[in-house]
Amino acid sequence: MKVWISMLILFLSVTGLCIWDGIYTQKVFSKLENDSKEIHDALLTTSIKNLDIQNSIYELNDYWTEKMDILCISISRKDLQPVSDFLQYLCASIINENQEDAIIYSLLLNYNIIGLNQSTGTNFMNLL
């Protein structure tokens, strides 16, 4: 009987961790996807010198830096690295005041976030 109780507690703990991780991952990637899309759309119409866009990029970088370590529980750091790289390129574009590079990197950033969200999210294709 003691073995069954221990197994039940372990099962519930692992199941709870999986559910929490799925919800957390979905929440983080939804925010990243929305913010990166807004940044890309803003860069198409507004200069990189605009302080609002610069602040949005820096805030997204800070958010990603904070959340990436927790996402490494279930997603390989190797898979998350392109998002970090493109965010750093985007920050460097602000320093260099290079509008064209900022547009390219914001599009690549959004594309990578969408891809990670689809590959790690809960959907029918991933369940197969």
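The backbone nitrogen of Ile48 sits 2.6 Å from a polar side-chain atom of Gln99. Gln99 belongs to helix α4, which covers residues 99-120. Helices here are DSSP runs of H or I with at least four residues (strands are runs of E with at least two), numbered from the N terminus. Leaving out residues up to four places away in sequence, Gln99 touches Leu43, Thr46, Ser47 and Ile48. A contact means heavy atoms within 4.5 Å.

Before going on, a word on what you're looking at. This is a predicted model, where local features need pLDDT of at least 70 and side-chain atom pairs count only at pLDDT 80 or more, while totals for chains, interfaces and linings use all residues. Residues are numbered from 1 along each chain as its sequence is written, and side-chain values use heavy atoms, with hydrogens and water left out.

Is Asn110 buried or exposed? Asn110 counts as buried because its relative accessibility is 7%. The cut-offs are these: buried is under 20% relative accessible area, exposed is over 50%, and partly exposed is in between (1.4 Å probe, protein chains only). Asn110 touches Glu33, Ser36 and Lys37, again not counting residues up to four places away in sequence.

Leu107 is also in helix α4. With 46% relative accessibility, Leu107 counts as partly exposed.

Now for the aromatic side chains. Rings of Phe, Tyr and Trp (its six-membered ring) pair if their centres lie within 6.5 Å; planes under 30 degrees apart are stacked, over 60 edge-to-face, and the rest tilted. The count by this rule is four aromatic pairs. One of them joins Phe86 and Tyr89, an edge-to-face pair with 6.0 Å centre to centre and 65 degrees between the planes. Both residues lie in helix α3 (residues 77-96), three residues apart, or about one turn of the helix. Phe86 is buried at 15% relative accessible area, whereas Tyr89 is partly exposed at 40%.

How do the rings of Tyr89 and Tyr105 pair, and what are their distance and angle? Their centres are 4.9 Å apart and their planes are at 35 degrees, so this pair is tilted. Tyr89 is in helix α3 and Tyr105 in helix α4, so the pair ties together parts that are 16 residues apart in sequence. Tyr105 counts as partly exposed, at 22% relative accessibility. Phe86, Tyr89 and Tyr105 form one aromatic cluster.

**Charged partners**

Side chains of opposite charge can pair when their charged atoms come close. A salt bridge is a side-chain nitrogen of Lys or Arg within 4 Å of a carboxyl oxygen of Asp or Glu. The whole structure has five salt bridges, including those in this table:

| Salt bridge | Closest N and O atoms |
|---|---|
| Lys49 and Glu97 | 3.9 Å |
| Lys67 and Glu66 | 3.5 Å |
| Asp69 and Arg77 | 3.4 Å |

Take Lys49 and Glu97, which form a salt bridge. Lys49 is in the loop between α1 (2-45) and α2, and Glu97 is in the loop between α3 and α4, so the pair ties together parts that are 48 residues apart in sequence. Lys49 is exposed at 53% relative accessible area, while Glu97 is partly exposed at 49%.

Lys67 is found in helix α2. Lys67 is buried, with a relative accessible area of 14%, whereas its salt-bridge partner Glu66 counts as exposed at 53% relative accessibility. Leaving aside neighbours within four places in sequence, Lys67 is in contact with Tyr24 and Val28. The C-alpha atoms of Lys67 and Ala102 are 23 Å apart, with 35 residues' separation along the chain.

As for Asp69 and Arg77, Asp69 is partly exposed at 49% relative accessibility, and Arg77 is partly exposed at 42%.

**A nonpolar patch**

Last stop: the surface. Leu17, Trp20, Ile70 and Ile73 form a nonpolar patch there, with about 380 Å² of accessible area together. Patches are made of residues with over 30% relative accessible area and no salt bridge; like charges are joined within 9 Å, and nonpolar side chains (Val, Leu, Ile, Met, Phe, Trp, Tyr) within 5 Å. Accessible areas come from the Shrake-Rupley method with a 1.4 Å probe, and for residues only the protein chains shown count as cover. Ile70 is in helix α2 (residues 51-71), and at 32% relative accessibility Ile70 counts as partly exposed.

Key:
Polar contact = N/O pair within 3.5 Å; in protein donor to acceptor, adjacent residues only side chain to side chain.
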